[in-house]
Number of protein chains: 4
Amino acid sequence: MDNQPPVESTYSPHTDMAIEAHELARQAREIIRGVSEESEEVGDVRISRTHVMNKNGEREIGKRVGHYITLDVPKLRRRNPALQAEVSRLFAEELKRMADLKPDSKILVVGLGNEHVTPDALGPKVVERLFVTRHLFNYMPDALGEGFRTVSAVSPGVLGVTGIETSEIVEGIVENVQPDVVIAIDALASMSLNRVNASIQIADSGIHPGSGVGNHRKALNQETLGCKVFAVGVPTVVHAATIANDAMDLVLSQLDESVPGNETTKLFKNFNPQEKWKLVQELLEPLGNNLMVTPKEVDEFIDDTAEVLAKGLNMALHPAITAEEAAQVTH
Amino acid sequence: MDNQPPVESTYSPHTDMAIEAHELARQAREIIRGVSEESEEVGDVRISRTHVMNKNGEREIGKRVGHYITLDVPKLRRRNPALQAEVSRLFAEELKRMADLKPDSKILVVGLGNEHVTPDALGPKVVERLFVTRHLFNYMPDALGEGFRTVSAVSPGVLGVTGIETSEIVEGIVENVQPDVVIAIDALASMSLNRVNASIQIADSGIHPGSGVGNHRKALNQETLGCKVFAVGVPTVVHAATIANDAMDLVLSQLDESVPGNETTKLFKNFNPQEKWKLVQELLEPLGNNLMVTPKEVDEFIDDTAEVLAKGLNMALHPAITAEEAAQVTH
Amino acid sequence: MDNQPPVESTYSPHTDMAIEAHELARQAREIIRGVSEESEEVGDVRISRTHVMNKNGEREIGKRVGHYITLDVPKLRRRNPALQAEVSRLFAEELKRMADLKPDSKILVVGLGNEHVTPDALGPKVVERLFVTRHLFNYMPDALGEGFRTVSAVSPGVLGVTGIETSEIVEGIVENVQPDVVIAIDALASMSLNRVNASIQIADSGIHPGSGVGNHRKALNQETLGCKVFAVGVPTVVHAATIANDAMDLVLSQLDESVPGNETTKLFKNFNPQEKWKLVQELLEPLGNNLMVTPKEVDEFIDDTAEVLAKGLNMALHPAITAEEAAQVTH
Amino acid sequence: MDNQPPVESTYSPHTDMAIEAHELARQAREIIRGVSEESEEVGDVRISRTHVMNKNGEREIGKRVGHYITLDVPKLRRRNPALQAEVSRLFAEELKRMADLKPDSKILVVGLGNEHVTPDALGPKVVERLFVTRHLFNYMPDALGEGFRTVSAVSPGVLGVTGIETSEIVEGIVENVQPDVVIAIDALASMSLNRVNASIQIADSGIHPGSGVGNHRKALNQETLGCKVFAVGVPTVVHAATIANDAMDLVLSQLDESVPGNETTKLFKNFNPQEKWKLVQELLEPLGNNLMVTPKEVDEFIDDTAEVLAKGLNMALHPAITAEEAAQVTH
């Protein structure tokens, strides 16, 4: 039953962010039963917590039951080292609180995505910067002092088109490595250009089909992997369909303002969501629905974001690593 | 005078393809003075020749005086080795005819673009597959038999953000290498999703500011480099602004059909190009005008296209290389 | 019992090639019981077949019971496309004969080695050039005609230091992919500079601890993976210890010639293999025994060799692919 | 005249380090006229200063007139972040003192070497981590505050085999960029395994033919580039010929101890340097003299060393960057 497709409406823009799905749902109704949300500002960072509490909430916003934390940092794109360090720290704090690791928890970090497609390369780029220790614990048990956990990491997608599903690779590795916790890192699609390379989502509900820039076919979650799965993602693209849809809405709302009220009703009744979505499909048809919108400087943004996440993970997974040390061991 | 910005209207979608700029201009008037075009079908390939004959043509379509050949191959995206080989051959034929190389012409191939941003990596990927010979002629003059020209190649953009303009690097190299002909390879922006990774443009007018996915700041042409400069490009992206603009047009034309004639005039008069363009800017504002639309499988398309161009170049530049040998020496 | 270390003497140069291990053993005795060998010349290629027939042979030469085919092609380093094509063809022939695949055999190719260390990058570079089909058979069963087998491929070592053993990753994938046959590609250490980038070894005995440039810790063979495992390797390095040892031998043999017979005995009695090996260790001590000798142009050799192997594999695994097509689909 | 080959003896091991060339010369005579050297210990780092004062010194040790600073850090290979930070700091100090930059000096950093051959990739890997500013000063003069110099950087060798000499590319760029100072980074060959990835050499005499892992054909120095050229290098390989030569010496010295004195003279007279070198050539003949010895973990060492140099350069070139900030901006 858990393998059913996400509940998101077929006629609305796609988002991998629970906070946006919630926002979208609230455009129709102020309150969504089964979903709660609160947020706070910490300096330049807005931290929001979206809770999908039951199946009703899940159906309404199309995101699984679970907790979703969003760090929105509009200034992150300006490449400010001090702000980046602060975001690493806050991200580490939130991840630690959510994951509630034991001192001896064994963690496997999975970097999803294809390193050959720049906006999808976030996961692999985080993995290559992690401080992994599992081989040290196995072969030189005394090499590390207190405060280090057993961390291993894998980027199944750097393996390229291999004829093997990412989930098959991850399942096989989990069976052999037997981690207590899996943390999956992935590049996401947002509904809003404002969040591209400027937000981090942490979730305790795993990774689900159709999510991420690379659109996974199978879930990575407690059911499929047999252990807790946390998902960390950063939006790096917006779907072209979302942009097209927004452009149509913008034109229609402009018209709406300039046309006498009673005519509008008549005019726009053809443009229910299905109708509009049909126009979007028609527009993008030559290249199917697999079109991403991404800034030209995507390579620099991805490198910076990978650094921020990797530093945060190194701090969150190894209590012995301080913020200063994270800057040294992460590269 | 040649450094004036391209003449393309500020309120219309951007395209690096002369054939599209011509098409766009003809939406207003059937015939554009100073521009001629003819085309033919060769199997699955449509070959069009657009000639910008004088300054009037240049002003009208925003492309420099010169000859532009377009190979449109919609089936190229289906990854058919036989068709790819045929396109390499046709491309080599057209390039040879246009460049009119002497048996002892010295050629420098310049692969423009940033290898770290997948849709901009075409130039560097072509360069690394070329059969370069200049060092052989210099150090082992008898190593090669008849039918090979002196070919060198450089990818200035793989150097990343280095604080040096691409044109400064190319100018310096041209002064030292003293080629008779420069061939610049670049990833282009098209106005149409149909052409993405499915068309090749060859031009004898060089590379100009604002063209290409990476948007060059200075021209590479006869004036700046002191030798003939041919430009070879493949569209790998469409600007997000183009998609947004198309979406707006589509909605407006749908409305146009469903509304009684005389009301339309009133309704749409607000939506002149400038007005529409202001809406597009507003929509894309958070990430500026540097947004590209690109398919998710961009890495495979770029690899395939680079192979097609490199094989064609190896055949066009070295008469001794046959189609079979091009398949062997290109990798 | 099968996990015992290879039987190779501790005091002799290391080689991953059965033909060299046999040669070495025959320096002491003309005939090694349990090992047979025959060879033939095919144009510029010498094909040798070394059979380790029983445990005695295994003990004597330090290579597992099994069949080892060696293609020696001294001219391969001169980068001749015609010879490369011929070697691809011969390699495909030999691999097909040895592997004896059924029309519906499912094959997993494993590219061993670390892509970040040039001479160890052979496996990953072969994998990225393969024509993989498993995903096509799974999702579009009618996409391919007759003559294609289900091929998947993985390069576990591109992950670098991840805290996970290569064998753990491969075992996990094999459990999920359930191939009938595994073909492991690896860069090897030779005892002779003559074979570096100029020989191919095909074996039906799998991959064993301590073999390959990267020195695997666990075996990949029928016992550990539950299916037939063929190993394909090309020597890309010689151990520095081998070079040092050879240098000592050369000096001693020069001395031997220039010194009156009866004094030599006295002189050289200190230099039994153990003694000499101690000197080698002393010499290389600062960097341990992990020193490789490799030519400066290693990057070009590795690219060429990967191309030769990938073309051969594409032909051997897919009967429908001809030599001409292999040149087209391999890149 | 300056283009004459380096004066180093043809029959002795090759080294790119002045300190080793001096050491080698002193094996024959205690004092080398025209060369002076002093050294000091700073924690785990030994800093030596070798001064080649005149043409006599140049002839004797085969290194150009100039100053050579060597930082020997045997513990650097153990990957200790605190020690790495300290070495960055000391390197920055020494470079600043030698280069004596003005507040408004314009610097071009040239990363020599081939990124596709791991031990030769040091230069490109340093360049990609530098904080370059020239484009900021050109396009946004107010973006940076006090304490930043105009820095540009280029890695001509990442262009691979392009038919163009590295020196031709660098000369062309220097003509266009007009720097006051060039700093060239290169991977070196040492004579001693102890120094591999454990030493840094800084010199004010430029880069000369035959030096570096990639063996440049033309000089990069004041004469060829028209500005001061500093060279920064780290030994990443030992030539195989050096190892072979050392192995021969070791055997001979062992024999020397075990044979009665007067016989030795007779025995070893055949082994003058020329004779020994002939044996070395014979041994390595199949792959010519282009064989490098390098540790298997070369990728990790190169990454670490590039980080150390880049941090040091960022501090030395921009007075405004502190050690803490260098850790943030270098990646």
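**Stop 1: the largest cavity**

The largest cavity in this predicted model has a volume of about 290 Å³. It belongs to a set of 12 cavities of 30 Å³ or more. To find its middle, select B:Asp16, B:Lys63, B:Gly206, B:His208 and B:Ser211, which lie nearest the centre among the 23 lining residues.

Next, color three strands of chain B: strand 6 (181-190), strand 7 (199-203) and strand 8 (228-239). These are the elements that give two or more residues to the lining of the largest cavity. Which strand gives the most to that lining? Strand 8 of chain B does, with 3 residues.

What sort of residues line the largest cavity? They divide into 8 nonpolar, 10 polar and 5 charged.

**Stop 2: a loop in chain B**

Stay in chain B and pick B:Arg64. You'll find B:Arg64 in the loop between helix 2 (55-61) and strand 3 (66-72) of chain B. Is B:Arg64 buried or exposed? B:Arg64 has 11% relative accessibility, so it counts as buried, the cut-off for buried being under 20%.

B:Arg64 and B:Ala121 are 25 Å apart in space, and 57 residues apart in sequence.

**Stop 3**

Select B:Gln178, in the loop between helix 6 (166-177) and strand 6 of chain B. B:Gln178 is not a glycine, yet its phi is positive, about 50 degrees. Is B:Gln178 buried or exposed? B:Gln178 counts as exposed because its relative accessibility is 54%, and exposed means over 50%.

Hop over to chain C and select C:Gln178. C:Gln178 sits in the loop between helix 6 (166-177) and strand 6 (181-190) of chain C. Here too the phi is positive, near 50 degrees, in a residue other than glycine. C:Gln178 counts as exposed as well, at 54% relative accessibility.

**Stop 4**

Switch to chain A and color strand 1 (residues 35-42) and strand 2 (residues 45-52). Strands 1 and 2 of chain A pair in the antiparallel sense over 8 bridges. For one spot on this pairing, select A:Glu38, which stands opposite A:Arg49 in strand 2 of chain A.

Select A:Val52 and look across to strand 3 of chain A: A:Gly66 is the residue opposite. How many residues of strand 2 of chain A are buried? The count is 7 of its 8 residues, so strand 2 is mostly covered.

**Stop 5: strand 5 of chain A**

Select residues 150-154 of chain A, which make up strand 5. Here 5 of its 5 residues are buried. In a regular strand, side chains alternate between the two faces of the sheet. On one side of strand 5 of chain A, look for A:Thr150, A:Ser152 and A:Val154, and on the other for A:Val151 and A:Ala153. Both faces are covered.

Click A:Val109 in the viewer, and you'll see A:Ala153 of strand 5 of chain A standing opposite.

**Stop 6: how the copies relate**

Zoom out and show chains A and B. A rotation of 180 degrees, with 0.0 Å of shift along its axis, superposes chain B on chain A, with an RMSD of 0.1 Å. That is the relation of a two-fold axis. Which residue of chain B comes closest to the rotation axis? Select B:Val293, whose C-alpha is at 2.2 Å. The copies meet through the same surface, because 100% of the interface residues of chain B are also interface residues in chain A.

Finish with chains A and C. Chain A is superposed on chain C by a rotation of 180 degrees with 0.1 Å of shift along its axis, and the RMSD is 0.0 Å. Of the residues of chain A, A:Gly172 comes closest to this rotation axis, at 1.8 Å (C-alpha). The same surface serves both copies here: 100% of the contact residues of chain A recur in chain C.

Note on methods: Residues are numbered from 1 along each chain as its sequence is written. Chains are lettered from A and ligands numbered from 1 in the order in which they are written. This is a predicted model: local features need pLDDT of at least 70, side-chain atom pairs count only at pLDDT 80 or more; totals for chains, interfaces and linings use all residues. Side-chain values use heavy atoms; hydrogens and water are left out. Buried means under 20% relative accessible area, exposed over 50%, partly exposed in between (1.4 Å probe, protein chains only). Helices (H or I, at least four residues) and strands (E, at least two) are DSSP runs, numbered from the N terminus. Two strands pair if DSSP finds at least two bridges between them. On a 1 Å grid over the protein atoms alone, a cavity is a set of points where a 1.4 Å probe fits but cannot get out, and a pocket is an open set with protein on both sides within 12 Å along at least five of seven lines; lining residues have an atom within 4 Å of a point. Grid points are joined across faces, edges and corners, and a volume is the space filled by probe spheres set on the points. Ala, Val, Leu, Ile, Met, Phe, Trp, Tyr, Cys and Pro count as nonpolar, Asp, Glu, Lys and Arg as charged, and the others, Gly among them, as polar. Copies are superposed by least squares on the C-alpha atoms of residues with pLDDT of at least 70 in both. Contact means heavy atoms within 4.5 Å.
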